[in-house]
Structure formats: C-alpha cells, structure tokens
Amino acid sequence: MENIRANSITIGDILNDGRIYEVPQFQRSYSWEENQIKDFWNDLVNVYETKEKNYFIGSMVFTYSDSEKKVRVLDGQQRLATILLLLAALRDVLKNSKIEKKEDRIDEINRVIFFRDIVTIDRYPKLEMNREDKEFYKSVVIDGEIDKNKIIC
C-alpha cells in the first residue's frame, strides 16, 4: 500500500515546486460552467475585500507519476485549471494595459503558468491537460491565443 499523506499547502507552493502536474487520460475533461466560475470568482473577490489571509480552495488529491518530477492530479483538476485560466486572462489583460512594469508582471505570471527551456525557449505547461483539453489549454493558457469564435458564453 502506498504512503498516504495529507498536507496543507498553498496553490503557490504547488505551482512553484518545479513539478509538472498532469491530468490523467481517464479523468473527465474540463467541465466548469459559468455558475462554478462565478462562484469561484466571487469567493476570490470576497477574500480580497475582507483582507483574509487564507482561503481554502478545496482539497486536491495527487499521486506521483513515473518520477517525482511529474504528479498526477486525481482530484482538483477543475480548480487548478481554473486558477491557471484566470492567471492567463490576467496576463492577457496586462498586455494591453498601461500599468507600470507590465512586462515584469507578465513574466512573473508566465513563470507560474509554464516552464521555459533556457536553450530552445520552448514553453512547457506546469499543468498538462488530458487529450481532449490539451490543445485548447495550450493555445489559450500557454500561447495566449484566443479564438473569439470558439468561446461560448
């Protein structure tokens, strides 16, 4: 039997731990709809407005893949993907803003979203989605390319 542990960590810890998180092929595809996203957004706004120091995002379940550098997401992929989609949206809004040091801010967000190969400059997502979501996720989150004709609201 595998060693099972419960740890309390931040989303920042997860996204900055040097690992790649992968959604196994057997996991359902991204399925959050407008109501879930609005609830999540309203929670974040409430935490910001009340100046709360902590926000419980929910439990997530992970297991190591073939190596300790890759982690399978068994539960929590919807929340994790939504957080990265939100960060990508923030990054893309910053691109057209006049905010001070916007390039530095964009670089910092990108460091959270993907790894960059120092030699080839290729980008590797910190979250690998399943087959069904992989191309859309790469296009929108990693490459920042949004096809407005494919967005359903």
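## Glutamine 78

A polar contact is a pair of N or O atoms within 3.5 Å. In this predicted model, the side chain of glutamine 78 makes such an approach to the backbone oxygen of serine 29, at 3.3 Å.

Glutamine 78 sits in helix H3. Its relative accessible area is 5%, so glutamine 78 is buried. Leaving out residues up to four places away in sequence, glutamine 78 touches Arg28, Ser29, Tyr30, Ser31 and Trp32.

## Glutamine 27

Glutamine 27 lies in the loop that runs between strand E1 (20-22) and helix H2 (34-49). Glutamine 27 is also buried, with a relative accessible area of 16%. A polar atom of its side chain is 3.1 Å from the backbone oxygen of valine 73.

Apart from neighbours within four places in sequence, the contacts of glutamine 27 are Val73, Leu74, Asp75, Gln77 and Asn130. Between glutamine 27 and glutamate 100 there are 41 Å in space, C-alpha to C-alpha, and 73 residues in sequence.

## Helices H3 and H5

Helix H3 covers residues 77-95 and helix H5 covers residues 131-142. Their axes come within 9 Å and cross at roughly 40°; the two helices are therefore oblique to each other.

On the H3 side the contact involves Leu84, Leu85, Ala88, Arg91 and Asp92, which meet Tyr137, Val140, Val141 and Ile142 of H5. Sorted by class, this contact has 7 nonpolar and 2 charged residues, and no polar ones.

Note on methods. Residues are numbered from 1 along each chain as its sequence is written. This is a predicted model: local features need pLDDT of at least 70, side-chain atom pairs count only at pLDDT 80 or more; totals for chains, interfaces and linings use all residues. Side-chain values use heavy atoms; hydrogens and water are left out. Axes are lines fitted to C-alpha atoms, for helices over the stretch in contact, and angles run from 0 to 180 degrees between N-to-C directions. Helices (H or I, at least four residues) and strands (E, at least two) are DSSP runs, numbered from the N terminus. Angles under 35 degrees count as roughly parallel, over 145 as roughly antiparallel, 65 to 115 as roughly perpendicular and the rest as oblique. Contact means heavy atoms within 4.5 Å. Ala, Val, Leu, Ile, Met, Phe, Trp, Tyr, Cys and Pro count as nonpolar, Asp, Glu, Lys and Arg as charged, and the others, Gly among them, as polar. Buried means under 20% relative accessible area, exposed over 50%, partly exposed in between (1.4 Å probe, protein chains only). A polar contact is a pair of N or O atoms within 3.5 Å; within protein, one must be able to donate a hydrogen and the other to accept it, and residues adjacent in sequence count only if both atoms are side-chain atoms.
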